[in-house]
Amino acid sequence: MPAGFEAFSSPILDTYKFCQFLAKIAHCFAVDVLGDQFTPLLLDVIREEARSTRYDLIGGMQNDTVSNNLHELTLNWQRANGADYAIVSIRLFASLGAPTYLVVAGSVPAAPS
């Protein structure tokens, strides 16, 4: 149970809408940080053109720590398959020990090594 809670009840969650919500946050943050210097990968999810959840672009991980920040957003890069991918880390309600969601916001061609 999250720190500070005596009881917790979760209603039914529409995972597609939740992933769409995370995609919107990640896309907006990537545009804020990178401008138009990347190829966005989340537009179909945001526009509801692909009604299936994109678990290849949106995932998460458990956190065991509680942060002093209410929310946390960061952008990191991961190289794979000849491209560099912008990975947005989203942690809403970090001060309550909430999980971190990782969203692949977009890509750029990998620079030659």
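In the predicted model described here, Ile-90 stands opposite Tyr-101 in strand E5. The model is a prediction, in which local features require pLDDT of at least 70 and side-chain atom pairs count only at pLDDT 80 or more, whereas totals for chains, interfaces and linings use all residues. Residues are numbered from 1 along each chain as its sequence is written, and side-chain values use heavy atoms, with hydrogens and water left out.

Strand E5 covers residues 100-109; strands (E, at least two residues) and helices (H or I, at least four) are DSSP runs, numbered from the N terminus. Strand E4 (residues 83-91) runs antiparallel to E5 and is joined to it by 8 bridges; two strands are taken to pair if DSSP finds at least two bridges between them. Antiparallel pairing also links E5 with strand E2 (residues 58-61), over 4 bridges, and Ile-58 stands opposite Val-103 of E5. With strand E1 (residues 39-40), E5 pairs in the antiparallel sense over 2 bridges; here Gly-106 in E5 is the bridge partner of Pro-40. Of the 10 residues of E5, 7 are buried, so the strand is largely enclosed by the rest of the structure. Buried denotes under 20% relative accessible area, exposed over 50%, and partly exposed the range in between (1.4 Å probe, protein chains only). Tyr-101 is partly exposed, at a relative accessible area of 22%.

The structure holds 2 aromatic pairs. In one of them, Phe-18 and Phe-21 are tilted, at 6.1 Å centre to centre with 35 degrees between the planes. Rings of Phe, Tyr and Trp (its six-membered ring) are paired if their centres lie within 6.5 Å; planes under 30 degrees apart count as stacked, over 60 as edge-to-face and the rest as tilted. Both Phe-18 and Phe-21 belong to helix H1 (residues 15-34), where they are 3 residues apart, about one turn of the helix. Phe-18 is partly exposed, with a relative accessible area of 23%, and Phe-21 is likewise partly exposed, at 39%.

Phe-18 also pairs with Tyr-101: the ring centres are 5.2 Å apart and the planes lie at 75 degrees, so this pair is edge-to-face. Together, Phe-18, Phe-21 and Tyr-101 form one aromatic cluster.
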